[in-house]
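Colleague: Could you take me closely through one part of this model, the nonpolar core and what packs around it?

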Amino acid sequence: MKLITTDEQLRMLIPHVFATAEGEPTLFEILSPFIDTAEQWAIDTFVPDAIFDEIAEDDGFGPNERLRFPLEKLVACQAYMTAIPSLDLVLTPNGFGIVSNQNIVPASRERVDALMNSLESQRDSAIEALILRLSSRTDWQQSAQGKYFGATMFPLLNLCRRLAIREHIWDSYQQLHERLIKIENVLADTYFSQEQMQVFRSQVITQYSTSKPIEERVIRSLQAYELQLLTDIQVHPQCYYDLVTIIRERPDDFPAWHTSPVAELYCPAVFKNKKTSSAYWF
């Protein structure tokens, strides 16, 4: 474990936990295996090793202060979620039993489910905040984790909220991400080119920091059409042609499209009347 290393640190991230009695294992000791797994999950999915170590080594007052809290929060919530199913069970010689005593009654299934849902929601909010804050870093954008989020025009989890999805945000985002890959490949090969789409994605993930107003206008229109497709609403091809017309008329603003193979589909060869041709018109 690199990020969450003390019981005090963990308790700040997981509220409403009783103090540890003398002789009992601390909350950190109980959750240690789950924290270790959650940290590795965060590395594999969101933050490459080098950036994770950089954040973990920050004392909370350095340049990575804004990254540390959401990363800690998502790790803690993921670890706690993973641990909950086994926390109230003990293995006895006669099989599994429920932890109980005269003062504390085991929580109902409904309350445990509510806790799980709350932890999942907090984790997903932390993921969204982390990706938003990482998106400005070039080293993250070039990592395998960054390329996953930068592979579509919707790198942030707020995609789900734009589609009125309020629960299981991270799980829903992954499903939508797969669909967006297919949608954008078709749009690229038919209208906008893979080269220009990659420029659009780069502009989105960097929060339009270097984009021109006309680029942002085209991107936001295209995003709106993709949202319609995700909800199985058909988009008239003329909508795409209108955007292509804007791009065709502004080669200085969209050079990637004008040098792509797709551009040739919209710039047919002009017939020239030559006497040497097999068909010559007088």
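Modeller: In this predicted model, Leu-71 is in contact with Leu-3, Ala-42, Val-47, Phe-52, Ile-55 and Leu-130, once its neighbours within four places in sequence are left aside. Leu-71 and Phe-192 are the residues that touch the most other members of the largest nonpolar core, which has 79 residues. Within this core α4 supplies the largest share, eleven residues. In soluble globular proteins, nonpolar side chains tend to be buried together.

Asn-64 sits in the loop between α3 (49-57) and α4 (65-87), and it counts as buried because its relative accessible area is 5%, under the 20% cut-off. The side chain of Asn-64 makes a polar contact with that of Glu-54, at 3.1 Å.

Phe-192, for its part, brings in the aromatic residues. The structure holds 16 aromatic pairs, and one of them is formed by Tyr-191 and Phe-192, a tilted pair with 5.9 Å from centre to centre and 45 degrees between the planes. Both Tyr-191 and Phe-192 are buried. The rings of Tyr-241 and Tyr-266 form an edge-to-face pair, because their planes stand at 65 degrees, with the centres 6.4 Å apart. This second pair links distant parts of the chain, Tyr-241 lying in helix α12 (residues 237-248) and Tyr-266 in the segment after α14 (261-265), 25 residues apart. Tyr-241 is partly exposed, at 37% relative accessibility, whereas Tyr-266 is buried, with a relative accessible area of 14%. Elsewhere, ring pairs join Trp-41, Phe-46, Trp-140, Tyr-148, Phe-149, Trp-170 and Tyr-173 into a cluster.

With twelve residues, α12 reaches 16 Å from its first C-alpha to its last, close to the 16 Å expected at 1.5 Å a residue. Its buried residues include Tyr-240, Leu-243, Val-244, Ile-246 and Ile-247. Seen down the axis of α12, the buried residues fall within an arc of 155 degrees, and therefore they line one face of the helix. An α-helix has 3.6 residues a turn, so residues three or four places apart point the same way. The buried residues of α12 pack against α9 (169-192), α10 (194-205), α11 (213-230) and α13 (255-258).

Notes. Residues are numbered from 1 along each chain as its sequence is written. This is a predicted model: local features need pLDDT of at least 70, side-chain atom pairs count only at pLDDT 80 or more; totals for chains, interfaces and linings use all residues. Side-chain values use heavy atoms; hydrogens and water are left out. Helices (H or I, at least four residues) and strands (E, at least two) are DSSP runs, numbered from the N terminus. Buried means under 20% relative accessible area, exposed over 50%, partly exposed in between (1.4 Å probe, protein chains only). A polar contact is a pair of N or O atoms within 3.5 Å; within protein, one must be able to donate a hydrogen and the other to accept it, and residues adjacent in sequence count only if both atoms are side-chain atoms. Rings of Phe, Tyr and Trp (its six-membered ring) pair if their centres lie within 6.5 Å; planes under 30 degrees apart count as stacked, over 60 as edge-to-face and the rest as tilted. A nonpolar core is a set of buried Ala, Val, Leu, Ile, Met, Phe, Trp, Tyr and Cys residues joined through side-chain atoms within 4.5 Å. Contact means heavy atoms within 4.5 Å. The expected span of a helix is 1.5 Å times one less than its number of residues. The arc is that of the directions from the helix axis to the C-beta atoms.
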